[in-house]
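Today I'm going through charged side chains and who they pair with. Here is what I have open on my screen.

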Amino acid sequence: TALMSQALITGLLFARFSRPTAAIRFSTSMVVAPFKGGRGLMMRMANMRDNQIIDLTARINCSWLEAGTAGIGRKFQLLGLERSDVMLFPLSWTLVHPITEESPLWGLSDQDLRKAEFEFLVLITGIDETFSQKVNARSSYKPAEIVWGARFRNIFNPPDENGRLSIDIHRIDESDPTPLPA
């Protein structure tokens with residue numbers, strides 16, 4: 001009985017601690033920046049591990065308070081992204097939601113987002129190349145974490161002597177002011 005109990009406990013512990021997790025670093029803020037003649041809501045993320053994540057899919061769901069016939073309730077809408085999936089995620093990725101007439105953000109300002117208590121929920125799903133298992137990561141942003149009229153700085157370092165690219169993860173949150181189109 002003791003040997004079987006020890007084997008069972010060892011198996012459970014191994015199964016619990018050997019599960020892969022995504023080590024994705026999200027930018028601390030989102031930015032509203034110029035994008036293709038209009039505006040775009042952007043956030044950036046980077047893979048913190050040496051392993052690759054493949055078949056990566058991103059979704060951003062926004063929620064806000066809205067008055068309806070039954071009173072004030074929370075509305076949810078999935079935001080359309082310029083690109084919602086990539087085959088390989090080795091370095092970094094900037095998610096962009098174009099703010100078009102179909103966007104729930106169309107015509108809204110920072111004060112409007114704060115008043116309606118907007119929240120942006122980011123969900124990332126992919127397959128860890130090492131373990132061939134699905135991994136997830138998530139983050140959320142509130143209006144106080146959105147910088148209006150800013151653009152993320154370049155985080156790529158010049159190629160090394162072998163031509164390999166790398167990023168400076170310490171610059172993932174850095175942005176520069178930029179005028180927004182009217």
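How exposed is R171, going by its relative accessible area? I looked it up, keeping in mind that this is a predicted model. R171 comes out partly exposed, at 22%. That sits just past the cut-off, because buried means under 20%. Its salt-bridge partner is D168, with the closest N and O atoms 3.6 Å apart. D168 is partly exposed as well, with 23% relative accessibility.

Next I checked the total, and the structure holds 9 salt bridges.

Then I picked R153, which forms a salt bridge with D176 at 2.7 Å between the closest N and O atoms. R153 lies in the loop between β11 and β12, while D176 is in strand β14, so the pair ties together parts 23 residues apart in sequence. I get 34% relative accessibility for R153, so I call R153 partly exposed. D176 has 32% and is partly exposed too. E174 joins in here: R153, E174 and D176 are linked in a network of salt bridges.

I also looked at R74 and E117, whose side chains meet in a salt bridge of 3.9 Å, N to O. R74 is in strand β5 and E117 is in the loop between α2 and β8, 43 residues apart. R74 is partly exposed at 35%, and E117 is partly exposed at 45%.

Last stop was D128, in strand β8. At 3% relative accessibility, I count D128 as buried. Its side chain makes a polar contact with the side chain of N51, at 2.5 Å.

Key. Residues are numbered from 1 along each chain as its sequence is written. This is a predicted model: local features need pLDDT of at least 70, side-chain atom pairs count only at pLDDT 80 or more; totals for chains, interfaces and linings use all residues. Side-chain values use heavy atoms; hydrogens and water are left out. Helices (H or I, at least four residues) and strands (E, at least two) are DSSP runs, numbered from the N terminus. Buried means under 20% relative accessible area, exposed over 50%, partly exposed in between (1.4 Å probe, protein chains only). A polar contact is a pair of N or O atoms within 3.5 Å; within protein, one must be able to donate a hydrogen and the other to accept it, and residues adjacent in sequence count only if both atoms are side-chain atoms. A salt bridge is a side-chain nitrogen of Lys or Arg within 4 Å of a carboxyl oxygen of Asp or Glu.
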